[in-house]
Amino acid sequence: MPQNLKGRSFLTLKDFTSQEIAYLLTLSADLKAKKRAGIRGELLKGKNVALIFEKPSTRTRCAFTVACIDEGAHPEYLGKNDIQLGHKEDVKDTARVLGRMFDGIEFRGFKQSVVEELAAFAGVPVWNGLTDRYHPTQILADFLTLQENFGCLKGLKLVYCGDGRNNMGNSLMIGSAKMGIHFTIAAPESLFPEKDLIEECRGIAAQTGAVLEFETNAKKAVAGAHALYTDVWASMGEEDKLAERKAILGSYQINAELMTATGRNDTIFLHCLPAVKGNEVTEDVFESAASKVFDEAENRLHTIKAVMVATIGNI
């Protein structure tokens, strides 16, 4: 069923119902089909979009830019050296300036508190392109990829291997709880998500039929999994922890042996990219037929387009 998301910010999937997320995925699939058919739209015609990037990006920047142009909007890239955000000017002051000039604002940076402050003061929708806590646009792309491969989300088993307390572990857990997915984090206990977030997600899961599990034994965790997911072992800004992470995450590497341990012949491999092949995933798995990482990367475009169309578009 269509959902009215006009004027809403997109900061974390915690703010959206299962029905609203399902609507965004349906809209994404429709916009993808239109793109594949060579149909350019005007759903964002006349809109101006600010793209704020404190952190560098390939998929997020390109997806927002192409999505804007595909539907008739003008994207304006604002790098960390282009504006005074949080330096010579308060975040709330920048938000109020940009909100008077732009119809929507994307933010990719370090702190969730910054994107929340932007949303509180901008007066226009603000979209989270990645922060230290959440990466909600990536989850939409992941879920669209799962739907394309299995025809549904509810009841699928998705296993995330590696650093379970980063923005991807957090966001996959939230999204899975919302959509009734059987979600397992395979990680050392020291890298499980925060207890408060786990309890919040368990409360959501109780309403949707989702299952949330946390396992230190990777081979045990992946049994029956429809998809194995991983991310870099040290996120941007944590490069100094890489040696430590290698020492404790080696047994959580997604390799051919772990893919076989699922016991399924249709298990797919997912990664938000960029990947450090040889660390969190082996080259052979990354390049295998089971790997859907480039479908997933393309789906960043279609899902981001859906978020913008739903919140500021002419529909």
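Analyst: Leu273 counts as buried because its relative accessible area is 12%. Buried means under 20% relative accessible area, exposed means over 50%, and partly exposed lies in between (1.4 Å probe, protein chains only). The model is predicted, so local features need pLDDT of at least 70 and side-chain atom pairs count only at pLDDT 80 or more, while totals for chains, interfaces and linings use all residues. Residues are numbered from 1 along each chain as its sequence is written, and side-chain values use heavy atoms, with hydrogens and water left out.

Leu273 sits in the loop between S9 and H11. Helices (H or I, at least four residues) and strands (E, at least two) are DSSP runs, numbered from the N terminus. Phi of Leu273 is near 65°, a positive value in a residue other than glycine. A cis peptide bond joins Leu273 to Pro274, with omega about 0°. Most residues other than glycine have a negative phi, and most peptide bonds are trans. Pro274 is in the loop between strand S9 (268-271) and helix H11 (283-286).

From Pro274 the view moves to Asp231. The two residues are 43 apart in sequence, and 8.2 Å apart in space, C-alpha to C-alpha. Asp231 lies in a loop too, between strand S8 (227-230) and helix H9 (242-249). Its relative accessible area is 6%, so Asp231 is buried. What touches Asp231? Leaving aside neighbours within four places in sequence, Asp231 is in contact with Tyr160, Cys161, Asn166, Asn167, Met168, His271, Cys272 and Glu280. Contact here means heavy atoms within 4.5 Å. One partner, Asn166, also makes a polar contact of 3.3 Å with Asp231, side chain to side chain. A polar contact is a pair of N or O atoms within 3.5 Å; within protein, one must be able to donate a hydrogen and the other to accept it, and residues adjacent in sequence count only if both atoms are side-chain atoms.

Of its 36 lining residues, the closest to the centre are Lys55, Leu130, Asn167, Ser235 and Met236. The search runs on a 1 Å grid over the protein atoms alone: a pocket is an open set of points where a 1.4 Å probe fits, with protein on both sides within 12 Å along at least five of seven lines, and lining residues have an atom within 4 Å of a point.

Two helices, H2 (59-70) and H6 (167-179), each supply at least two residues of the lining. H6 gives the most, with three residues. By class, the lining has 14 nonpolar, eleven polar and eleven charged residues. Ala, Val, Leu, Ile, Met, Phe, Trp, Tyr, Cys and Pro count as nonpolar, Asp, Glu, Lys and Arg as charged, and the others, Gly among them, as polar.

Leu130 belongs to strand S4 (residues 126-130). Leu130 is buried, because its relative accessible area is 7%. Its phi is near 145°, a positive value in a residue other than glycine.

H2 brings in Thr65, which lies in that helix. At 25% relative accessibility, Thr65 counts as partly exposed. Leaving aside neighbours within four places in sequence, Thr65 is in contact with Leu51 and Pro75. The C-alpha atoms of Thr65 and Glu42 are separated by 15 Å, and these residues are 23 apart along the chain.

H6 points to helix H1. What covers the buried residues of H1 includes H6, along with helix H5 (136-150), helix H7 (195-208) and helix H12 (293-312). Among those buried residues are Ile21, Tyr23, Leu24 and Leu31. H1 (residues 18-36) has 19 residues and reaches 27 Å from its first C-alpha to its last, close to the 27 Å expected at 1.5 Å a residue. That expected span is 1.5 Å times one less than the number of residues. Just after H1, Gly38 takes a positive phi of about 80°.

Ala289 is in the loop between H11 and H12. Ala289 is exposed, with a relative accessible area of 71%. Ala289 and Phe269 are 20 residues apart in sequence and 9.1 Å apart in space, C-alpha to C-alpha.
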